Each structure stands twice: as structure tokens, then as C-alpha cells.
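Okay, everyone, let's get going. Today I'd like to walk you through a ligand site.

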Amino acid sequence: MRLDKLLSVAGMTRTEAKRAVAAGRVQINGVPARDPGAHVKETDVLLDGRPVTPPGELYLMLNKPAGILTATKDARQPTVLSLLPEAFRKRSPGPVGRLDKDVTGLLFLTTDGQLAHRLISPRWAVEKRYRAEIEGAICQRDIEAFAQGLVLSDFVARPAKLFSLGEGLAEVLVTEGKFHQVKRMFAAIGHPVIRLERLEMAGIALDPSLAPGAYRELSDEEITHLYQTVQLERTQ
Ligand code: URA
């Protein structure tokens, strides 16, 4: 890895890394470094006499607001990454699955590709709970239609649990995440979605203390729970 990249992963900007090198604070195998672009082995580098260890994986929960793209970059529109501070952005976490631009609520972001892959893979059937403001009210027939697996134009949705919360409001638990899936399911039973929010994923609820646009790191217990949900062994 490039020396300046290693120092930036450890929390420095490129400019700070350059300055640290120029000031003789960085050593490679005991010799003061001269070139911030040098290719180095992590274990050979000392900053102020101490090893430079990149932080471990990053696991975040974001309360995604409306109007933000679930993407890592876009030329014109703000993305979920633009809601994170520079120190987290430069570690390049990726969103775990996708929420439409107008959809709000729980979104995990992580650098842990293996965990992210399993959490969105249909194979692991991870449950997601959404609250939907809809036109009209859900009836028993709608609940049964969701439970049986709705036939949509290009696929049959997996059985889903639908709950009525009264006129104009419902919650649904789904185990897959095809494009516009929840909106399409409600439209198919004649109750178009007006507003959609994800409340829960893999049994972890959106933290009610997070205002729209706010994020926090997942707790150790939450990370372990996600690992267990998709039958991965946690080694770190
Ligand atoms: N279903 C949708 O229709 N949109 C989302 O963003 C997520 C689930």
C-alpha cells in the first residue's frame, strides 16, 4: 500500500501525511521516510515511533432521509456517503442493500463485504420491516394475498407478513429486496404507497435517537447478532 494511503487510513489527510513525512515523523524499517508515495508494508511503518495500524471494519446504522441516493458516489446528487464525516467516508463503507431516493429509515453501511453480501443475498432471507403510509385500508384478503406470495408482472414475491395499523397505515415484513418491491406489492393489492420507511433489518431496529440524516456505529452485540443471523463466524 502507498505510504500516504496507509497514513490516511489511520486518520490523516493526504496533506497531513505529507507533512508528517517531511517532518521526519515517519520511519520505514527504522529509516526516516522521504517519499509519501512509496509502496510500503504496513508492519514496516512507524509514526512517531508507534505502529500505524489501520482501524478494523466499520459498521454503521444510518437513518436515511428522503432525497438522498443510496449510492457511494454520484456526479449530481447527494449520496448516503455524503452524510458521513470525512474520516468515515475515506474508509469507503458501502450501503447494505438499497433504499429508493424517497424512502427513509434504517440503512446499514459497512466495509465488511462478506457480511454485507450475505445480508442482502436472497439465500439468507434476512427479514426487513417497513412501515407504509398507503391509500386506503388493509383488509383480511390483502393479508392473505401477501402471505401466499403475490404474483407480480415479472416474479412471484415470497410470502410476506402484512399488518394493518388502521386506515392509511400498514407494516410489512419481507425477506427479499427486489427493485421497488414493497411499493409494487402494495400497488398490486390496490393500496399505492405514499411514504415508506424501513424500521428494522435482521432483527435490529432503527435507533429512535437518530434524527433523519444521523448515524451511529453499531454496537459489538449488534455486529455479533448480524453475524449470527447469516451464520458467519466472527473472528475479530
Ligand atoms: N421496497 C421499495 O419499494 N423501495 C425501497 O426502497 C425498499 C423496499
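So, a polar backbone atom of Lys-183 sits 3.1 Å from an oxygen atom of the ligand, a polar contact in the sense of a pair of N or O atoms within 3.5 Å. The protein covers 95% of the 240 Å² of accessible area the ligand has on its own, by Shrake-Rupley with a 1.4 Å probe.

Quick caveats: this is a predicted model, with local features needing pLDDT of at least 70, side-chain atom pairs counted only at pLDDT 80 or more, and totals for chains, interfaces and linings using all residues. Residues are numbered from 1 along each chain as its sequence is written, and side-chain values use heavy atoms, leaving out hydrogens and water.

Now, who's around the ligand? With a heavy atom within 4 Å as the cut-off, we get Leu-99, Asp-100, Val-103, Tyr-130, His-180, Gln-181, Val-182, Lys-183 and Leu-196. Helix H6, residues 181-188, gives the largest share of that shell, 3 residues; helices here are DSSP runs of H or I, at least four residues.

And where does the ligand lie relative to the domains? Domain 2 (59-122 + 203-229) and domain 3 (127-201) both give residues to the shell, so the ligand lies between them. Those bounds come from an automatic or database domain assignment.

Notes:
Polar contact = N/O pair within 3.5 Å; in protein donor to acceptor, adjacent residues only side chain to side chain. Helix = DSSP H or I, 4+ residues; strand = E, 2+ residues; numbered from the N terminus.
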